[in-house]
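Colleague: Please take me through this structure, one question at a time.

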Amino acid sequence: MDRQQSDGESAAAEDVVVFVNGNGVVTSENHLLTVNHSMASSSLDHRVFGRKENLVLAYRTLGVVFGGLVTSPLYVYPSMPLKSPTEDDYLGIYSIMFWTLSLIGVVKYASIALKADDHGEGGTFALYSLLCRNINIGILPSKRVESNSSLLSTSHSQYGESEKQSRLGKFFERSLVSRRVLLFIAILGMCMLIGDGILTPAISVLSAMDGVRAPFPSVSKTLVEALSAIVLIALFLLQKFGTSRVSFLFSPIMGAWTLFTPMVGIYSIIKHYPSIFKAISPHYLFRFFLRNGKEGWLLLGGTVLCITGSEAMFADLGHFNRSSIQIAFLFAINPSLVLTYAGQTAYLIRHPNDHDDGFYKFIPSAVYWPVFVISTLAAIVASQSLISATFSVIKQSVVLDYFPRVKVVHTSSSKEGEVYSPEVNFILMILCVAVILIFGDGKDIGNAFGVVVSMVMLITTILLTLVMIIIWRTPPILTALYFITFFVMEGIYVSAVFTKIPEGGWIPFAISFILAFIMFGWFYGRQRKIEYEVTHKIDLDRLSLLLSDPGVQRVPGLCFFYTNIQDGLTPILGHYINNMKSLHKVTIFTTLRYLLVPKVAPHERIVVKKLGLKGVYGCIIQYGYADSLSLEGNDFVTQITDTLRDHISNCSDEEALISSDEAEIFDLEAAKLAGVVHVRGKTRFYIGKNCSWFDRTMLAFYEILHSNCRPALPALGIPLPQRIEFGMLYEA
């Protein structure tokens, strides 16, 4: 399997511009170039599969996407604080779980949310990205790049004309407060999903391993926690092999679980309570709340766990495709859960006090050990769904420049969304093990889990409603029906789990606060840097004025000067010329474009243009996630100079210009022979005494993050003697 690593996929990086494709796409509010539509479309081709391929993918989703959801019977009943439950109580609980799975699982996620992908990616942050691509909702004013830009630009405005936008879209564009609130909601959703990625492995494996204590009561809880930690460490060590290989290994296990547990459920239904499916009637649900009142409301904190992992169905979209996920959920996962919960409930109606071990107690003794083995393996697999989802959302936020650059490894040459991050994987492993060893009580972790699940669902509902109004233009009555139904339903769940904050529910908030602070600190620093660069950019008129200074010399040689400022050149250029009092006779201002396509066609990879000044050219190097940029320095230079030579030769057919073109080519070759250098900027903020305490704090924190994150410039195989880094302080 081809593997391509990208150390920094950042839209606002010093040297790399990242593009998310579509008909016309944005990756950062202030760097707004788009790519050729045919190239963008080609990136989606790999998601169009035939029936057979979709069935194979659907099978593979069992081992990656649905692990957390389909293994939820392990911990749902044990997480409920039931007190002397009756038959009617259990029927009411099953009715709640059935309608939660049907409405949130089938209607919201499988039927609606999966259609709201952003370039094949799913999740709360993908919804925010989708909104960014269609309306101007940057925190800072967006600097649009026109197609007639003086530099290399192939873009069109990605925002629709104002008369075509909805009133809500115009409101967000005008209101800075609303844009900040929307960004906060998106960041909170992402942080909660990462919290889900920490808690799912912990509660799943711990709940499964706890089954060994039933036949062996002498086994201590400490030993169970230690065994769970060892199992999780082994799981995280497998992540480097990629989703496809992991799913190939895990899917048979989840297939066995998905098939076997409903069979046990059917047996339990027949033996204990054949009429259990009468609880599908909603009146059992309403009777439950009328009878139990506040106690029934508090039980929702445990009931909500029946839908845990449903967000992974959306967030893992980039690893598979919509059809395969829908097939697996509608025809395997949902029926399996409905039958398994029915079997559990039927058993508990006859044995009402066994709810603290609501899964293993309902397993017939004849098949206890086979089920224990399968459930333990399935719990390990269950962790995979949220781990993969965490990789996806981290990658999305890095691409959109909302998270410090981390190493992102593409583990597939055909699926852009299949990624792995060593640093993120290591941090997840440490946190998962810490949660188990410090908060070993399954109920405390369950309470924390309930907070995460309900919050992520509610945030998805809010963002999806905005997508329906602003982008899809869904009829108002349907949008209102969707929003009222799911906002009320999930809002009730959130209100119930918030009562669990003192009992473990604070854990995800602590994790989310730390992550949100990191994200906001990085985002704020990047936006301040972009604002400075756009304000102080060097245009061609300014460059011409600088070069006309008698004190500035054009020295022999060929210089590649890396820049990412659109419709202008980086301020570092002015700083460089003013202090060095020179510029190479041939200078090529180079921008690296990271495109979300597998590979860029050779004839589209390097785009060059004369910029109207003698010896000054522009160059854009475009590369996809499966392209290798580890070129030898000479090959890299030769490719660009050959392309530039062809461009100079073909730019005019008039005889009067032929001699001028030949002179340019001669100068290019002479400069190349004189020596090649690669100049990139390295910037930091100068935090003066006039800065506010907020700026001093946030920009100092940003500098710490910036100093410890991956570099923006991918390895190009440039010889060390040819590299020059030129520093500049940006005044805050």
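Colleague: What is the relative accessibility of K610?
Modeller: Buried means under 20% relative accessible area and exposed means over 50%, with partly exposed in between (1.4 Å probe, protein chains only). K610 counts as partly exposed because its relative accessibility is 28%.

Colleague: What is left out of the side-chain values here?
Modeller: This is a predicted model, so local features need pLDDT of at least 70 and side-chain atom pairs count only at pLDDT 80 or more, while totals for chains, interfaces and linings use all residues. Residues are numbered from 1 along each chain as its sequence is written, and side-chain values use heavy atoms, leaving out hydrogens and water.

Colleague: Which residue forms a salt bridge with K610?
Modeller: Side chains of opposite charge can pair when their charged atoms come close. A salt bridge here is a side-chain nitrogen of Lys or Arg within 4 Å of a carboxyl oxygen of Asp or Glu. For K610, the closest N and O atoms are 3.2 Å apart, and the partner is E664.

Colleague: How many residues apart in sequence are the parts tied together by E664 and K610?
Modeller: Helices (H or I, at least four residues) and strands (E, at least two) are DSSP runs, numbered from the N terminus. E664 is in helix α23 (residues 655-674) and K610 is in strand β7 (residues 606-610), so the pair ties together parts whose separation in sequence is 54 residues.

Colleague: Where does the salt-bridge partner of E669 lie?
Modeller: E669 meets R645 in a salt bridge, at 2.4 Å from N to O. The two are 24 residues apart: E669 is in helix α23, and R645 is in helix α22 (residues 633-650).

Colleague: Is D89 buried or exposed?
Modeller: D89 forms a salt bridge with R291, with 3.2 Å between the closest N and O atoms. The pair links helix α4 (residues 87-112), which holds D89, to helix α10 (residues 282-292), which holds R291, across 202 residues. R291 counts as partly exposed at 38% relative accessibility. D89 has a relative accessibility of 8%, so it counts as buried.

Colleague: How many salt bridges does the rule count?
Modeller: Among them are D89 with R291 and E669 with R645. By the rule, the count of salt bridges is 12.

Colleague: How many disulfides does a search of the whole structure find?
Modeller: A disulfide is a pair of cysteine sulfur atoms within 2.5 Å. The search of the whole structure gives a count of 0.

Colleague: Which side chain makes a polar contact with the side chain of S72?
Modeller: S72 sits in the loop between α3 (67-70) and α4, and S72 is buried because its relative accessible area is 0%. A polar contact is a pair of N or O atoms within 3.5 Å; within protein, one must be able to donate a hydrogen and the other to accept it, and residues adjacent in sequence count only if both atoms are side-chain atoms. A polar atom of the S72 side chain lies 2.8 Å from the backbone oxygen of L69. The side-chain partner, at 2.7 Å, is Y341.
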